[in-house]
Amino acid sequence: MYQRIYRMLMLFPVLLLTGTLVLHAQPVKPFYMDENHPLEERVKNALSLMTLEEKVALCHAQSKFSSKGVPRLGIPEVWMSDGPHGVREEILWDSWNEAKWTNDSCTAFPALTCLAATWNPEMSAIYGKAVGEEARYRNKSVLLGPGVNIYRTPMNGRNFEYMGEDPYLASRMVVPYIVEVQKNGVAACVKHYALNNQEIWRGHINVELSDRALREIYLPAFKAAVTEAKVWSVMGSYNQFRGEHCCHNDILLNKILKQEWRFDGTVITDWGGAHNTMQAALNGLDIEMGTGTDGMTRSVKNAYDNYYLALPFLDELKKGTVPESVVNDKASRILRMIFRTAMNSKRPIGSFASPEHAKVARKVAEEGIVLLKNTGNLLPLDASKYQKIAVIGENATRKMSAGGGSSNLKPHLEISPLKGLQTKYGSKINYAMGYASGPPAYGRAIPSKLNADSVRTEAVKVAGAADVVIFVGGLNKNHNQDCEGGDRLSYNLPFGQDQLLNEILKVNKNVVVVLITGNAVAMPWIDRVQALVQAWYLGSEAGNAIASVLSGDVNPSGKLPFTFPVKLSDNSAHSFDKLCYPGDSIREVYKDDILVGYRWHDTKKIMPLFAFGYGLSYTNFTISAPQTDKKTYEKNEVVKLNFTVQNTGKLAGAEIAQVYVTQKNAPVLRPTKELKGFKKVFLKAGEQQTLTIPVKVEDMAYWDEKTSNWKVDSGEFVLNLATSAGDVKFTLPVQVK
Ligand code: BGC
């Protein structure tokens, strides 16, 4: 007995020690979890531990906005969210209905047309940081944006989500957005790759175009996203290119994106964009997302198992018709993305709907608003001069963060233009609706039940009784307006706004028009209004930003990221037959080729209503003393164009200097000029600054279809220093050898 007690007492320290060791021993992390190891080795290690079924499970959706991880190995699911101008509210697991959470009301940032209109990459950076923080806070691994499809026609219902008509501007603006989003451990997903330049027939239209147009116009912003911003995911587009859907398109995905640009991230389908297992397996797709069994329409139990990259893919792998290396490549890419995002223990924690983010939204909105006309003395609107200010137009009160399709947002706050103007001008404001568009609805337009004549008559009465009228109109986010899933039906303003404006102009000469659109519109009344402001979809702080610009608290400094043609037939895509736009429902041929936007207007000498790059200020600037650092350049050199900008007016403001390049005596067709550099400079009244805009000689190249490569010819080039595509101030010849 004593002996037993003695033995136990002797053992006690040993037990104690082992217990302590057990309690304190760190569990050994599996190799792939240990962030001290190089990423590629972790990916290899995780892959080596996975079954074929687990690899396939990574490659397709498990719910509307998520795909599986590897639960057995502790590798988390991938959660995605739209994008691109705010983090979308939560959607139910397997239906498109909202989940009705109460903690997902976000900051609505201005739509990307507005961001592009700032012509300020610093705005892209603060925007990307803020929206990335919101996505991170909401635990999203992938933010479905930004979008960089080129603005080809003002009819495209989705232009508002993109960055305009110029590949250089879109490239410069998209890179900082992506870099800053991804610093949050959230993958940006640049979309829709590629040639999704219209919504009509987007699911199947087969786009035909030359290699030159593809390379020079439609791909550069995607290329910059991949090679410069190192984006972690790319979304394929719905349409076809050369007979294959873009979500599994050998040329676009395997050859260009993955081989040529060395993209190491994941290709995600647009929702329901996959159509065939073998193509999905072999043509570069990594994750198939969708909305039902066939991706587009139906939803059945276990729909996700029937996806092209689910059980049918597994079958092909088991049969050996698809080699295992194919799924290994896809799974490696997905693991890499998961390690970069959800499994990055050092990623910041994010923040959501904060006052700081509201400030970012407002700043970008204020910098992106474009003053297009100001011939009278109306703007900036001096409240002391007027007793009665009429605000007319449905867009003054309409919530514009809602609608538009997948970019629809549930904002924490949205200041309407009317609210912003009331805060600024108080009880001097008298509001009338003027026109009525109907309730928000997706996929169809529901007309308003209000009587258009009486709504208009009432507004004309209010306008007649006022000293000044602020008309807030434009398009909205309904079907056939600025909205996914359909194109516009007319270039004119909808809902009788042209007639309304005509009647208002008969009773009041002091009219300021504020257009809220993501697209150019016809303006038959332009000569009769005194001021015109292009105000985009501005998000949470819309009304405050508009009021700051109209009142002069902020001096407008945005410039157009696309051309406003006088009439639709002046636009390149509308200058040929129907096959050029919208196509015959099967094919569409881009007959305008490389001459898109201002490239078309310049080369064909068609005066636009407002040129690409155009925008006014409440102050004036002069540009002087332009000079290149040399006269002759080698092909790997950079031209340094130096010049001075002076603010010659009485207010602080910003000018955006633009450099367009012309090739003289080119052996192939070249646009009259192309944007290759720009700089936005803020100057106090009277201040001047000497600036340098670098222009890379390699950026002066065209795509040589004979060699399938970029080519810079030797010879004479001209640098056009301009304040818009329509206003060249100086031309400077240089030689390239
Ligand atoms: C859109 C994408 C979007 C996706 C998910 C699609 O209809 O084209 O841009 O990210 O839906 O909502």
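Asp-602 and Lys-673 form a salt bridge through their side chains, with 2.7 Å from N to O. The model is predicted, and two salt bridges are counted between domain 3 and domain 4. Asp-602 also belongs to the trio, with Tyr-598 and Arg-599, that supplies 36% of the area domain 3 buries against domain 4, more than any other three residues.

**Domain layout**
- The domain assignment of the protein chain places domain 1 at 31-340 and domain 2 at 369-562.
- Between the C-alpha centres of domain 3 and domain 4 the separation is 23 Å.

**Contact between domain 3 and domain 4**
- Domain 3 contributes 12 residues to the contact, and domain 4 contributes 14 residues.
- About 1,100 Å² is buried between domain 3 and domain 4, and 59% of this area is on carbon and sulfur atoms.
- Six residue pairs are in polar contact between domain 3 and domain 4, counting pairs with both residues at pLDDT 80 or more.
- On the side of domain 3 that touches domain 4, seven residues are nonpolar, three are polar and two are charged.

**Cavities**
- Rolling a probe the size of a water molecule over the atoms shows where empty space is left.
- Across the whole structure, a search finds six cavities of 30 Å³ or more.
- The volume of the largest cavity is about 100 Å³.
- Its lining consists of 15 residues, and those nearest the centre of the largest cavity are Phe-65, Met-80, Glu-90, Ile-91 and Lys-140.

Key:
Residues numbered from 1 in each chain as written. Predicted model: local features only at pLDDT ≥ 70, side-chain atom pairs only at ≥ 80, totals over all residues. Heavy atoms only, no water. Domains from an automatic or database assignment. Contact = heavy atoms within 4.5 Å. Buried area = accessible area lost by both parts, 1.4 Å probe. Salt bridge = Lys/Arg side-chain N within 4 Å of Asp/Glu carboxyl O. Polar contact = N/O pair within 3.5 Å; in protein donor to acceptor, adjacent residues only side chain to side chain. Nonpolar A, V, L, I, M, F, W, Y, C, P; charged D, E, K, R; others polar. 1 Å grid on protein atoms, 1.4 Å probe; cavity = no way out; pocket = protein on both sides within 12 Å on 5 of 7 lines; lining within 4 Å. Points joined across faces, edges and corners; volume = space filled by probe spheres on them.
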